[in-house]
Amino acid sequence: MKNPTYDLLLVGSGLYNAIIANEATKDGLKCLVIDKRTHPGGNVYTEKINDINVHTYGPHIFHTKDKEVWEYMSGLCTMNHFILTPLAYHKGKLYNLPFNLHTFYQLWGITSPEAVIKKIQEQNQPPVDEDNFENKAISLVGKDVYNILIKGYTEKQWGRPARELSSDIIKRLPLRFVFNNNYFDDPYQGIPVNGYTKIIEDCFKQCDILLNTDFTENRNLQENASLTVYTGMIDEYYDYTYGTLEYRSLRFETEIPDCSNYQGAAVVNYTEKEVPYTRIIEHKHFEFGNQPTTVITKEYPLDWQKGLEPYYPVQTSRNEALYTKYSALAAAESQVVFGGRLGLYKYLNMDQIVRHALDTYQEIRKKLKKRLIEKTNQNSRFNRSRISNTAGQVAALRIVNACIWKNFFRSVWGYSLQAFGLSS
């Protein structure tokens with residue numbers, strides 16, 4: 001490829017590529033960003049409705065144990081001190097999440113950690129050979145917690161029996177034998193004060209952006225860049241050569257209720273399978289809002305099909321085996337890097353996205369080493385030119401000043417001679 005217009009083609013304008021762009025522009029690299037949506041930001045996009053930052057594609061709470069990642073994000077925005085303390089609604093009753101002594105008291109009227117552990121052990125299934133979500137969940141929390149607070153929610157979220165899901169999913173559900181409703185146990189938690197969209201816009205401000213642009217219909221754009229960073233569906237990139245990976249989609253219904261406070265909490269999960277939505281989000285509570293109105297969003301899970309937005313990879317043994325084949329193709333690419341949930345076919349939290357993007361950019365720097373050297377040399381030549389021009393300007397200014405003073409003294413001397421009648 002001779003003299004491409006761009007150093008990087010960034011397919012997708014979500015958080016992953018925003019971090020890549022932020023780092024690349026620091027190095028003077030030129031980026032072209034494309035996205036099939038009408039706005040940048042991917043799933044972290046936020047929009048203002050009645051002066052409330054609305055998380056258009058579901059709630060995004062930034063949380064991490066990685067101090068470096070937290071400091072990096074804090075350099076891009078001001079984080080508030082929001083801590084997620086969701087509730088679960090089941091058959092007219094509310095339960096605290098994550099599962100902690102508050103939850104167990106609400107279920108069984110028990111306050112002693114020892115008594116709770118004993119109760120769970122009484123409900124545990126004997127160990128079985130099959131490793132799946134349902135067996136793992138029951139072994140962790142017992143049948144009551146599983147049937148009331150997990151099973152219905154999980155099966156409508158993923159659209160299949162819990163026995164068919166990977167046990168890895170349950171590892172993301174915190175379990176505590178203390179009175180603590182903080183959903184995450186990460187020391188760093190918060191939400192950007194001005195929403196995520198401002199971060200995305202700042203990261204892309206030195207990039208060229210094409211919206212309403214589907215990569216699958218514009219693959220020729222790769223010819224204009226030295227390297228492509230692709231955050232779309234990996235199976236779609238390879239035209240579904242080995243078959244279609246499974247995803248889950250979502251539908252969001254946003255409403256403005258006739259009240260100022262709809263549910264008193266940012267997130268309430270609905271764990272009955274018969275209730276079609278999985279949760280209701282009240283956005284103002286993410287930023288401790290006191291606006292006179294409120295905005296809520298109901299989240300409905302959907303089976304993904306072509307034409308719908310893919311939100312979650314579905315972790316099953318079939319999909320993991322299929323992804324392994326696509327991953328082998330990706331590993332052989334020299335001018336394409338895959339990233340994000342869809343590119344890596346992996347559930348990733350936002351801090352993991354940031355960490356992976358930062359680490360990946362270091363690999364990109366190695367791939368584009370020659371281009372970076374050229375950029376550095378160009379900058380050096382430009383700086384030397386500026387120094388040379390400045391030196392020339394100073395020298396010229398000195399000459400001009402000398403001429404001015406010389407003429408000045410000549411004029412004064414001539415005037416003095418005239419004054420004393422000594423001029424010729």
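Axes here are lines fitted to C-alpha atoms, for helices over the stretch in contact, and angles run from 0 to 180 degrees between N-to-C directions. This is a predicted model, in which local features need pLDDT of at least 70 and side-chain atom pairs count only at pLDDT 80 or more, while totals for chains, interfaces and linings use all residues. Residues are numbered from 1 along each chain as its sequence is written, and side-chain values use heavy atoms, with hydrogens and water left out. Helices (H or I, at least four residues) and strands (E, at least two) are DSSP runs, numbered from the N terminus.

**Helix pair α3 and α5**

- Helix α3 (residues 101-108) packs against helix α5 (residues 133-158) at about 95°, and their axes are 11 Å apart.
- The two helices, α3 and α5, are therefore roughly perpendicular (65 to 115 degrees).
- Thr103, Phe104, Leu107 and Trp108 of α3 meet Asp144, Val145, Ile148 and Leu149 of α5 (contact means heavy atoms within 4.5 Å).

**Sheet**

- An open sheet is formed by five strands in the order β9-β2-β1-β10-β16, with parallel pairing (two strands pair if DSSP finds at least two bridges between them).
- β9 (208-210) and β16 (336-338) are the edge strands, each pairing on one side only.
- From one strand to the next, the twist averages 20°.
- Strands β1 (residues 6-11) and β10 (residues 225-230) run parallel and are joined by five bridges.
- Tyr6 has Ala225 in β10 as its bridge partner.

**Helices on the sheet**

- Helix α1 (residues 15-26) lies across β1, β2 (31-34), β10 and β16, and runs at about 165° to β1.
- Helix α10 (residues 350-367) packs on the sheet and touches β1, β10 and β16, its direction making about 170° with that of β16.

Conventions:
Angles under 35 degrees count as roughly parallel, over 145 as roughly antiparallel, 65 to 115 as roughly perpendicular and the rest as oblique.
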